[in-house]
Amino acid sequence: MGALGWILGLLLSPWVFVPLIYPGLVSAFAVLLFIIWFERKLAAKVQRRFGPYYVLRHLGGATQLVADLIRYLFAEPIIPEEADALAFVMGPALLFGLTLLPVVAIPVSGTFYAIRSDVSLLIVLALLTLGAAMTLIIGWAGNNKFSLIGGLREGFLSMAYEIPLFVAALSMAAAYGTLDLVDMVEVQAETAWGVALNPLAAFVFLVISFLATSRFPFEISEAESELVMGPFTEYSGIMYGLTMGASYLKYYVLCLLFSIMFLGGWEPVPPQLAAVPFGPGVVVFAKALALMALGVFLRAVYPRYRVDQAIRLAWHYLLPLSVASVFVSMGAAWLGLTGA
Amino acid sequence: MSGAGSGERTLELLIGPQHPASGHMRLVAEVDGDVVVRLRPDIGYVHRTVEKIAETKTYLQTIPLIERPPLADTANHNLGYVMAVERLLGVEAPPRAQWLRTLLAEMNRIHSHLYGLGIHGIMLGSSTAFMWAFGDREIMIEMAKRLTGARITYSYMIPGGVRRDLPPGFAEEMEKALRYLERRLPDYDRIFFSNPVTRARLEGVGVLTREDAIRLGVVGPNLRASGVAYDVRRARPYAAYPELDFQVVTRSEGDSMARMLVRVGEIRESIRMIRQILARMPDGPILAERYAKMIPPKWRDYVRETGRIKFPAILASLRPPKGAEAVSRVEAARGEAVFYLVSDGGPRPYRMRMVTPSLRNVVLFSHLTRGCRVADIPAIYGSLDYFPPEADR
């Protein structure tokens with residue numbers, strides 16, 4: 001009993017709970033399994049099909065992704081002879097791991113977090129940029145022309161979207177007067193949600209989260225009809241599964257961040273959840289999931305842009321808009337709307 | 001990949017034949033960064049020697065063979081071939097058969113255009129346009145099944161007429177189908193044709209000028225999108241087209257968007273034509289008198305009651321006069337199809353020449369892609385409605 005209690009205590013300590021359970025690995029996998037199924041189901045609904053159907057028929061094929069995961073696990077991972085084997089094998093694992101890394105700095109509630117830092121927003125943003133470099137390496141390692149072009153496209157895009165992403169996020173820091181994500185939620189609880197304070201920054205951040213995670217209409221680096229599978233063309237089995245999951249994972253992290261910065265984080269907490277230390281996290285999770293549902297719905301609406309059009313969009317429109325959002329934040333702070 | 005010292009700065013990209021969007025062909029693209037310097041279509045992967053096989057088959061057996069290459073557009077090629085055979089034999093189909101042929105040809109045009117639009121959709125990444133078009137194409141396939149008994153390869157038109165008469169209640173069912181299609185077209189417009197992303201991808205991409213279109217001998221919607229109002233149905237009317245009221249849809253822009261919109265306009269015109277055909281269909285026999293009287297007496301009642309032709313034995317061994325030659329042209333869904341037949345007096349064609357619209361449009365690949373972006377390759381490919389098996393034959 002004592003041992004069980006010790007294990008439970010360890011699991012529930014924020015330093016283990018955050019990276020491992022929520023918002024870390026376990027909930028990330030749950031999100032992956034759910035959102036990809038939901039995306040397929042939603043697109044099927046729009047397209048007048050059934051979507052996933054046979055695996056657990058009574059729940060609309062809800063476990064289809066579990067079946068896919070098992071299939072990926074047992075499929076033969078093929079390493080092309082001409083590939084750079086080390087980079088080729090390590091790439092997907094590092095991409096997946098590094099993409100999930102930013103969650104360590106995301107607070108679950110006002111009192112439950114793995115890292116409390118004055119600059120937790122900067123930590124999350126900095127860790128977010130690591131994944132793109134791995135995509136470049138993956139694109140190179142496969143020794144395939146389509147991989148190479150896909151990797152380069154990802155490189156061009158990340159250069160184009162990272163600056164407006166940072167500027168839009170930091171404009172909110174200017175509005176709230178803090179870089180600490182916990183404080184940001186508290187400021188929003190006292191005044192108004194960030195999306196009302198600075199809708200421009202919210203818009204830029206949202207569009208960039210589609211752009212940064214290959215959601216339609218920015219599904220550019222993996223564009224099937226041009227580049228087969230972009231940087232991931234040569235992958236098979238679970239290595240492919242990891243690369244495919246990574247973009248959803250990045251989207252999950254960005255949606256968590258969006259919920260905290262613009263949608264009031266864990267406020268308002270239902271009283272039933274307030275008693276549990278990590279209870280408020282459920283609210284953030286729900287908001288993030290709703291946002292993800294919006295992003296995956298775009299698949300059914302839009303075709304994809306060309307890479308030069310997306311880059312032009314980022315440099316010509318999103319960057320000036322993000323700079324303008326800084327002034328919106330300053331105006332909101334000057335008018336005393338943020339209480340800072 | 002070029003070495004740093006070699007002075008080369010282009011990359012040769014082999015798109016296909018094992019590629020999600022290449023179709024049964026290979027596109028050899030030479031790219032400089034994201035810009036296509038040169039693109040060479042490498043065709044012939046699905047060459048099936050249709051012309052040579054036709055020399056070993058009787059005139060009737062060649063009909064199913066003709067239908068295989070242009071798979072989404074079988075009726076129009078069937079019609080073109082049968083018209084050539086009829087000219088060799090000096091037979092003419094009775095008026096009702098002509099109208100039934102036109103009916104199926106226009107149904108097939110709608111089906112083929114939806115097929116092309118769906119493929120274009122998925123090439124641009126719009127899975128919704130793809131699924132919708134392929135789903136709604138099913139309507140015309142089902143109606144064709146009721147008329148002919150087959151979904152895709154109808155072999156409906158035979159020398160001297162058609163195989164089956166209109167089934168009872170067909171006109172009412174078809175009216176429902178047409179109303180459904182008319183309701184759906186605005187949905188397509190909202191989700192795909194007027195989608196800002198679609199427009200950004202297609203407008204001004206792959207522009208074919210009027211002069212180039214004429215010089216290169218382009219046919220079909222691709223030609224009409226460049227402002228040339230050439231349509232065999234109007235220029236050399238055949239079957240029931242002289243009596244139908246329809247417009248030749250043209251656009252002046254000549255870009256990928258225009259090519260797509262011409263097809264959409266043609267779907268609307270085909271809907272109008274099908275309505276006219278069903279309203280004004282003449283009564284009468286569906287097989288030329290010359291062959292109808294050869295149907296064995298015990299089958300004549302069956303043919304009269306069911307409207308289904310029992311082939312008289314003569315159709316299996318048609319022998320056109322020695323040295324006879326015939327050419328026919330039809331406006332197939334993808335453009336003008338030409339058939340040329342030579343007879344040596346035997347039961348098999350001495351020579352059968354089949355010039356399909358895709359064969360004539362393949363030249364556009366290298367012409368339109370010069371200087372475009374890598375991502376424009378599928379956008380232009382899809383807009384041409386190019387079908388490799390049709391070109392390779």
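In this predicted model, helix 7 of chain A, which spans residues 130–141, and helix 8 of chain A, which spans residues 145–176, have axes that come within 7 Å and cross at roughly 160 degrees. Because angles over 145 degrees count as roughly antiparallel, helix 7 of chain A and helix 8 of chain A are described as roughly antiparallel to each other, and the crossing in which helix 7 of chain A passes helix 8 of chain A is left-handed. On the side of helix 7 of chain A, the contact is made by Ala132(A), Thr135(A), Leu136(A), Ile138(A), Gly139(A) and Trp140(A), while helix 8 of chain A contributes Ser147(A), Leu148(A), Gly150(A), Gly151(A), Leu152(A), Glu154(A), Gly155(A) and Ser158(A). Sorted by class, this contact of helix 7 with helix 8 of chain A holds six nonpolar, seven polar and one charged residues.

Chain B can be taken next. Its elements comprise 17 helices and eight strands, and its pLDDT averages 90, with 98% of the residues scoring at least 70. Taken along the principal axes, the C-alpha atoms of chain B fill a box of roughly 80 × 50 × 35 Å. A compact globule of 393 residues would have a radius of gyration near 21 Å, and the 22 Å of chain B therefore agrees with that expectation.

Within chain B, helix 11, residues 256–280, packs with helix 16 at an angle of about 30 degrees, the axes lying 9 Å apart. Helix 11 of chain B is therefore roughly parallel to helix 16 of chain B, and the crossing of these two helices of chain B is left-handed. Ser256(B), Arg259(B) and Met260(B) of helix 11 meet Ala379(B), Ile380(B), Ser383(B) and Leu384(B) of helix 16 in this contact, which by class has four nonpolar, two polar and one charged residues.

For the complex, the predictor gives an ipTM of 0.86 and a pTM of 0.90.

How values were computed
Residues numbered from 1 in each chain as written. Chains lettered and ligands numbered in written order. Predicted model: local features only at pLDDT ≥ 70, side-chain atom pairs only at ≥ 80, totals over all residues. Axes fitted to C-alpha atoms, helices over the stretch in contact; angles between N-to-C directions. Helix = DSSP H or I, 4+ residues; strand = E, 2+ residues; numbered from the N terminus. Parallel < 35°, antiparallel > 145°, perpendicular 65-115°, else oblique. Left-handed = near helix turned anticlockwise from the far one by under 90°. Contact = placed C-beta atoms within 7 Å. Nonpolar A, V, L, I, M, F, W, Y, C, P; charged D, E, K, R; others polar. pLDDT = per-residue confidence, 0-100. Rg over C-alpha atoms; globule rule 2.2 N^0.38 Å.
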